[in-house]
Amino acid sequence: MKKLVVVAVVLAAVLLVAPYGIGKIAEKRLDRGLDKLVEEAPYLTIVERKYTPGWFKSEQVVTFEVFSAWAKALEPKAMEKAMEDAVEAGDEAAAAEGDAPADAAAPAPDAAEGATPDAAEPAVPEDAPKLNEMMRFTVRNEVLHGPVLGLSGFGIARVDSHFVMTDKVRKEVEEIFGPKTPLEISTRIGFLGGGTMHFKSEGRTIKPKDSKAQITWDTFKLAIGFSKNADKYDIDGKWPKFEVIDKSDNTHVVMTNMTMDGDGKRVSGDLFDGDFTFAIDKIGVTSKDGESFELAGLHYIVASTTKSDFTDVSAKMGSGEVKSKELAAVGVSLKEVHYDIGVRHLHAPTLEKMMKGFKEIYAKPLNNATEANDLIFAPLKENGMELLKYDPEFVIDRVGIVTPDGDGFIKGTVKLVGATPEDFGAGSMGLIPKIDADITVDVSEKMIQKFPNGSTAAGAAVDSGYVKREGDRLICKITFKKGEATVNGKPQAIPGLGGPPPVEGGEGPPPQE
């Protein structure tokens with residue numbers, strides 16, 4: 001009995017004392033996490049951070065600024081001046097080349113004698129809010145010290161995050177969403193450095209003021225797990241239902257079973273391998289005149305794999321059955337839609353360098369708004385040609401549709417083979433001989449016949465030689481190699497690039513034998 005009492009006293013002491021020490025560790029973890037955040041997302045900067053420690057709980061308040069390096073150039077007055085300078089520079093260049101219009105010396109209408117002050121463009125007010133002030137937001141973090149984190153389990157800390165709003169904004173939000181917080185954000189920080197961030201919007205029904213609309217949704221949940229140093233991540237999200245009913249015009253919109261699922265791991269720097277799936281079971285829209293549109297099985301699936309210094313990226317976009325009045329009117333029933341494409345053989349070290357460059361542009365000062373375009377595309381210019389030197393391939397895995405009467409799709413590859421810096425220096429004409437393309441169009445003839453004038457078009461394509469019949473399929477095989485194009489194996493002239501002369505009696509390839 002005495003031993004049990006001692007154990008109980010020691011355990012109680014640990015549970016009482018431990019939160020204070022763990023709170024100190026949590027403070028350091030949070031600071032490191034913020035530093036990592038702005039490193040990975042350099043368009044964010046921390047203007048101010050304040051930590052108020054406690055025994056079982058602490059509080060952290062952080063003010064962020066978005067695009068602070070660009071704020072000065074994007075101020076209304078700075079943009080106004082940049083536009084004026086650009087116009088002035090263009091006028092001077094035109095005048096120097098002798099291309100200035102004959103009436104260029106004439107006074108502008110607002111500068112002519114007798115012009116009224118109201119005709120002038122309004123100037124930007126001196127007391128207009130600064131852009132950097134407009135792009136700031138503050139987050140208050142309530143930190144519960146571990147090791148016991150209530151229903152969140154065990155860990156260093158649980159952090160509940162709240163956006164800091166003025167009383168006016170808070171009141172407006174409550175008028176729309178009700179007294180419950182529209183979005184709850186909570187992060188569990190694990191003992192080993194990783195953690196899980198949870199996003200939750202509790203289901204509710206809202207009725208906008210002065211409207212007959214009603215918006216209802218089930219509880220939305222999203223969990224993003226991450227390892228120490230964010231080298232691995234996983235995503236799991238669900239939204240069972242979202243619905244809008246507007247009785248003023250009898251419109252109805254409903255979405256069911258939205259899901260997000262993915263995971264990944266760092267390959268090097270900012271380059272990750274992984275996969276991500278976004279899917280919606282069904283979207284339905286009924287308009288005021290009773291017409292309906294329904295889309296089932298909507299999906300977006302992306303995957304990236306790296307092996308032997310080369311990365312492949314694939315994306316599958318599409319849906320299941322599509323129902324609409326327009327499709328029904330022409331007698332077409334779509335069972336599936338596919339848009340599956342990808343890029344293969346991307347040089348991973350160059351790709352990582354380019355991604356790093358895109359990330360870093362947000363931290364580079366922008367002196368003038370007119371320089372933004374050059375700044376944004378600089379990483380592509382610096383690394384794009386290097387990527388193309390490794391013969392990357394653009395892949396069409398399947399782009400097409402499926403109907404009850406058959407399917408039709410396009411597949412193939414387009415790549416640059418053996419491109420050199422000299423080819424890029426010669427412009428687009430220097431790259432054309434290096435293009436290697438192999439595209440196949442494969443369509444069910446029975447499906448084509450269901451479309452308006454489908455039979456006529458298919459017959460004309462076969463007679464001209466652009467299409468071959470292979471059983472119940474219509475096939476068109478297009479290749480482009482070493483500057484020469486073929487359609488179904490027969491040379492084809494390309495306007496502006498030369499090639500074989502058109503056959504007698506027509507411009508296309510000779511008819512099939």
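This report walks through the aromatic pairs, the pockets and some backbone details of a predicted model.

Residues are numbered from 1 along each chain as its sequence is written, and side-chain values use heavy atoms, with hydrogens and water left out. Because the model is predicted, local features need pLDDT of at least 70 and side-chain atom pairs count only at pLDDT 80 or more, while totals for chains, interfaces and linings use all residues.

## Aromatic pairs

Let's begin with the rings. Rings of Phe, Tyr and Trp (its six-membered ring) pair if their centres lie within 6.5 Å; planes under 30 degrees apart count as stacked, over 60 as edge-to-face and the rest as tilted. Searching the whole structure turns up ten aromatic pairs. One of them joins tyrosine 43 and phenylalanine 67, a tilted pair with 6.1 Å from centre to centre and 40° between the planes. Why does this pair tie together parts that are 24 residues apart in sequence? Tyrosine 43 sits in the loop between helix H1 (2-40) and strand E1 (44-52), whereas phenylalanine 67 sits in the loop between strand E2 (57-66) and helix H2 (71-74). Helices (H or I, at least four residues) and strands (E, at least two) are DSSP runs, numbered from the N terminus. Tyr43 and Phe67 also belong to one aromatic cluster with Tyr362.

Phenylalanine 177 is partly exposed at 29%, but tryptophan 217 is buried at 9%.

## Pockets

A pocket is an open set of points on a 1 Å grid over the protein atoms alone, where a 1.4 Å probe fits, with protein on both sides within 12 Å along at least five of seven lines; lining residues have an atom within 4 Å of a point. Grid points are joined across faces, edges and corners, and a volume is the space filled by probe spheres set on the points.

| Largest | about 1,400 Å³ | Gly33, Leu34, Leu37, Met197, Phe226 |

Which element gives the most to the lining of the largest pocket? H1 does, with eight residues. The lining of the largest pocket divides into 20 nonpolar, ten polar and seven charged residues. In the second largest pocket, the lining has seven nonpolar, eight polar and seven charged residues. Ala, Val, Leu, Ile, Met, Phe, Trp, Tyr, Cys and Pro count as nonpolar, Asp, Glu, Lys and Arg as charged, and the others, Gly among them, as polar.

## Backbone details

Most residues other than glycine have a negative phi, and most peptide bonds are trans. Phenylalanine 67, from the tilted pair, has a positive phi of about 55°. Aspartate 210 also has a positive phi, near 55°, and is exposed at 77% relative accessibility. The peptide bond from glycine 146 to proline 147 is cis, with omega near 10°.

Note on methods
Buried means under 20% relative accessible area, exposed over 50%, partly exposed in between (1.4 Å probe, protein chains only).
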